[in-house]
Amino acid sequence: MGIFEDFKEIMRVKKEKSVDNKISNTTTPKPDEILMDVESQIKKDVRNVLSDKVPEVDIENVIEQVCDGGAVFPSDYFINEFPIETWESLSPDKLKIAQDNWFAMSNVITERYYHFYPIESKSTLFGSYSIYIEIRYDGYPKVDYETLENLEEQATEKINGMKIRTKTKDANIKEIKDYMKYLLNKVNIGVRVTDIFVKIW
């Protein structure tokens, strides 16, 4: 799951517009070189989830916008072969594809769903888990990306304060779903929310 943290580091660097270039050893990759490699891989992953509904002339632009976060595109621009509610029944290979595809489509605003980057729980006592949250609704949300990003930050705070463990996974999922309902009622994204999915892996 390290690529999630790598991507967040890319976004941090992009926002701050600063990269530490003080490493003088030429045999050690510089931080900006590492980030460029990770960004290149993520762009490939995004390209792999684009459907044939994306006009050929727009593909590079769509990839760039998706990588920047908060892009608004129709859901049929993306291949969603393994919806989150099917993950329990997937083989390990297919589950990995599903999780990779999820990551590539995270923070894309569509007219049907929005899902956050996987949230890494930082519980050293009970182990590390990735939490996947998807909101489904009717129509495009009537809020900006920063509002949705703020929801993710609040969900991350909540999750990092939880004692997540396998034997209470269902209780953890219910607590996260209830908290997401609370946040969505508080914020009001301007469309009717039809479902909230939470998975812990």
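How many salt bridges does a search of the whole structure find? The search finds nine. The model is predicted.

The protein has six helices and four strands. From the N terminus on, the elements run α-α-α-α-β-β-β-α-α-β. Of its 201 residues, 43% count as buried. Among contacts between residues at least 6 apart in sequence, 67% join residues at least 24 apart. The accessible surface comes to about 11200 Å². Carbon and sulfur atoms account for 51% of this surface.

Side chains of opposite charge can pair when their charged atoms come close. Glutamate 60 pairs with arginine 47, and their closest N and O atoms are 2.5 Å apart. Glutamate 60 lies in helix H3 (residues 59–68) and arginine 47 in helix H2 (residues 31–49), so this pair ties together parts that are 13 residues apart in sequence. Both ends are partly exposed: glutamate 60 has 49% relative accessibility, and arginine 47 has 40%.

Glutamate 85 forms a salt bridge with arginine 136, with 2.6 Å between the closest N and O atoms. This pair links distant parts of the chain, 51 residues apart. Glutamate 85 sits in the loop between H3 and H4, and arginine 136 in strand E3 (residues 130–138). Arginine 136 counts as buried because its relative accessibility is 19%, under the 20% cut-off. Glutamate 85, at 38%, is partly exposed. A network of salt bridges links Glu85, Glu134 and Arg136.

Strand E3 also carries aspartate 138, whose partner, arginine 192, is in strand E4. Arginine 192 counts as exposed at 56% relative accessibility, whereas aspartate 138 is partly exposed at 41%.

The largest cavity has a volume of about 60 Å³. Its lining includes Trp87, Trp102, Met105, His115 and Glu134. Glu134 is also a member of the salt-bridge network. Helix H4 (residues 92–105) supplies the largest share of this lining, four residues. By class, the lining has seven nonpolar, three polar and two charged residues.

The second largest pocket has a volume of about 160 Å³. Among its lining residues are Lys177, Lys181, Leu184, Val193 and Asp195. Helix H6 (169–187) and strand E4 (192–200) each supply at least two lining residues. H6 gives the most, with four. Five lining residues are nonpolar, two polar and three charged.

Technical notes: Residues are numbered from 1 along each chain as its sequence is written. This is a predicted model: local features need pLDDT of at least 70, side-chain atom pairs count only at pLDDT 80 or more; totals for chains, interfaces and linings use all residues. Side-chain values use heavy atoms; hydrogens and water are left out. On a 1 Å grid over the protein atoms alone, a cavity is a set of points where a 1.4 Å probe fits but cannot get out, and a pocket is an open set with protein on both sides within 12 Å along at least five of seven lines; lining residues have an atom within 4 Å of a point. Grid points are joined across faces, edges and corners, and a volume is the space filled by probe spheres set on the points. Ala, Val, Leu, Ile, Met, Phe, Trp, Tyr, Cys and Pro count as nonpolar, Asp, Glu, Lys and Arg as charged, and the others, Gly among them, as polar. Buried means under 20% relative accessible area, exposed over 50%, partly exposed in between (1.4 Å probe, protein chains only). Contact means heavy atoms within 4.5 Å. Accessible areas come from the Shrake-Rupley method with a 1.4 Å probe; for residues, only the protein chains shown count as cover. A salt bridge is a side-chain nitrogen of Lys or Arg within 4 Å of a carboxyl oxygen of Asp or Glu.
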